[in-house]
Amino acid sequence: PERLSYDQFAREMHLLNNQHDSLKLVCEGPCSDGRDMWSFEIGAPDKPTIYIGAAVHGWEWENAYGLLRFAELISAQPTLDNIDTAPFHFRIMPVQNPYGFDQFTRQNARGVDLNRNFDCAWEKLPVVQDVPVPWDYNYKGTRPASEPETQIIQAIFDKHQPVSVIDFHTA
């Protein structure tokens with residue numbers, strides 16, 4: 001019924017984790033504002049991985065709640081609406097930008113649009129302003145994966161080589 005702060009949302013993740021044995025809460029490390037980022041792991045890591053994330057732009061916060069519910073549903077019931085999730089390993093990060101989530105902004109604590117900070121075609125991303133500086137709308141950072149949030153997500157990709165990556169956005 002209300003938009004939680006990131007710390008409150010992380011507490012909800014901890015509470016959910018305590019309710020389901022098949023759910024594992026993983027501390028991924030600190031983000032740009034120093035707080036820990038959290039993800040859920042469901043299923044064995046040797047199975048094909050599906051990564052699902054949300055709120056890479058903090059003002060697109062609604063889908064974080066959907067991923068919290070999704071984690072709850074598939075950990076309680078691996079066959080959901082006739083879809084068998086058991087053959088997969090899920091990594092679910094409902095909030096990929098804790099600072100942006102709290103501040104209701106696109107950028108992380110260092111003014112970088114994390115969605116433009118990944119190494120895939122980073123050089124080709126257009127610079128919207130004449131002089132790219134932090135907090136510009138699409139500021140992509142000083143180099144690919146310059147931000148701790150991006151490094152954390154990229155480390156998950158490198159370790160698990162997901163067969164599918166789903167990154168939820170809202171407008």
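The side chains of E41 and K24 meet in a salt bridge, with an N to O distance of 3.6 Å, in what is a predicted model. That pair belongs to a structure that holds ten salt bridges, and the points below take up several of them, together with the placement and accessibility of the residues concerned.

**A bridge between strands**
- E41 lies in strand 2 (residues 36-42) and K24 in strand 1 (residues 23-30), so the pair ties together parts that are 17 residues apart in sequence.
- E41 is buried, its relative accessible area being 8%, whereas K24 counts as partly exposed at 48% relative accessibility.

**A bridge within a helix**
- R69 and E72 are joined through their side chains by a salt bridge of 2.9 Å, N to O, and both residues lie in helix 2 (residues 62-76), where they stand three residues apart, about one turn of the helix.
- R69 is partly exposed, with a relative accessible area of 44%, and E72 also counts as partly exposed, at 25% relative accessibility.

**A buried pair**
- The side chains of R106 and D113 form a salt bridge with an N to O distance of 2.6 Å, and both of these residues, R106 as well as D113, are buried.

How values were computed:
Residues are numbered from 1 along each chain as its sequence is written. This is a predicted model: local features need pLDDT of at least 70, side-chain atom pairs count only at pLDDT 80 or more; totals for chains, interfaces and linings use all residues. Side-chain values use heavy atoms; hydrogens and water are left out. A salt bridge is a side-chain nitrogen of Lys or Arg within 4 Å of a carboxyl oxygen of Asp or Glu. Helices (H or I, at least four residues) and strands (E, at least two) are DSSP runs, numbered from the N terminus. Buried means under 20% relative accessible area, exposed over 50%, partly exposed in between (1.4 Å probe, protein chains only).
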